[in-house]
Amino acid sequence: MAALALLALPSLASAHVVADPGSAVAGAYQAVAFRVGHGCGNAATTAVRVEIPPEMASARPQPKPGWRLEIEKTGEKVAAVTWRGELPDDQFDDFAILFKLPDAPATLYFPTVQTCGDQESQWIEIPQPGERASHPAPALTLTPKAGQAQAHQH
């Protein structure tokens, strides 16, 4: 049992920015927290930039006390959100966005760049099916609505 726990550690250690929850119902409104587990090396996190998939109907970031919020738009749609502040290396925090999710089931990726002063950790890799990325982008899996799941069974 202890050996299995040790084998799991590298995968947990490499997942520095994740989406929580990791799944939601397609078409719903869902708050998603992008969890930053620690800084870069021994440096404090000074910015977190999350790119929003173009499929998102809407995205509304949650402000954080002590952090400056920047919203980038393409036309009327939010394309990226950046929080700027300071998160010590030995602490974690969540950076939340409320989404109106697309209606179709899918897995959406949120390329995220964590800046720590003059260092960066780029969590931007989108894995191919069956592959494991070394710096994966946070992902959100959209599950079918109740009616969609029943329709697919018939």
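I take partly exposed to mean a relative accessible area between the buried limit of under 20% and the exposed limit of over 50%. The model I consulted is predicted.

**Entry 1: strands around β7**

I began with strand β7, residues 77-87. It pairs with strand β4, residues 45-51, in the antiparallel sense over six bridges. Within this pairing I found Val48 opposite Trp83 of β7. I then turned to strand β6, residues 68-74, which runs antiparallel to β7 and is joined to it by seven bridges. Thr74 has Lys77 in β7 as its bridge partner. β6 and β7 form a hairpin with two residues between them. In the turn I noted Gly75, whose phi is positive at about 65 degrees.

**Entry 2: salt bridges**

I recorded eight salt bridges in the structure. Side chains of opposite charge can pair when their charged atoms come close.

I looked up Glu70 and Arg84, whose side chains meet in a salt bridge at 2.7 Å, N to O. Glu70 lies in β6 and Arg84 in β7, so this pair ties together parts that are 14 residues apart in sequence. Glu70 has a relative accessible area of 26% and is therefore partly exposed. Arg84, at 35%, is also partly exposed.

I next examined Glu72 and Arg49, which form a salt bridge of 2.9 Å, N to O. Because Glu72 belongs to β6 and Arg49 to β4, the pair links parts 23 residues apart in sequence. I noted a relative accessible area of 32% for Glu72, which is partly exposed. Arg49 is partly exposed as well, at 26%.

I then located the salt bridge of Asp93 with Lys64, where the closest N and O atoms are 3.1 Å apart. Asp93 lies in strand β8, residues 93-100, and Lys64 in the loop between β5 and β6, so the pair ties together parts that are 29 residues apart in sequence. Is Lys64 buried or exposed? I found 16% relative accessibility, so Lys64 counts as buried. Asp93 is partly exposed, with 25%.

**Entry 3: Gln122**

Which residues does Gln122 contact, leaving aside its neighbours within four places in sequence? I listed Thr112, Val113 and His135. Its side chain also makes a polar contact of 2.9 Å with the side chain of Glu120. Gln122 and Pro111 are 11 residues apart in sequence, and I noted a C-alpha to C-alpha distance of 7.8 Å between them.

Note on methods
Residues are numbered from 1 along each chain as its sequence is written. This is a predicted model: local features need pLDDT of at least 70, side-chain atom pairs count only at pLDDT 80 or more; totals for chains, interfaces and linings use all residues. Side-chain values use heavy atoms; hydrogens and water are left out. Two strands pair if DSSP finds at least two bridges between them. Helices (H or I, at least four residues) and strands (E, at least two) are DSSP runs, numbered from the N terminus. Contact means heavy atoms within 4.5 Å. A polar contact is a pair of N or O atoms within 3.5 Å; within protein, one must be able to donate a hydrogen and the other to accept it, and residues adjacent in sequence count only if both atoms are side-chain atoms. A salt bridge is a side-chain nitrogen of Lys or Arg within 4 Å of a carboxyl oxygen of Asp or Glu. Buried means under 20% relative accessible area, exposed over 50%, partly exposed in between (1.4 Å probe, protein chains only).
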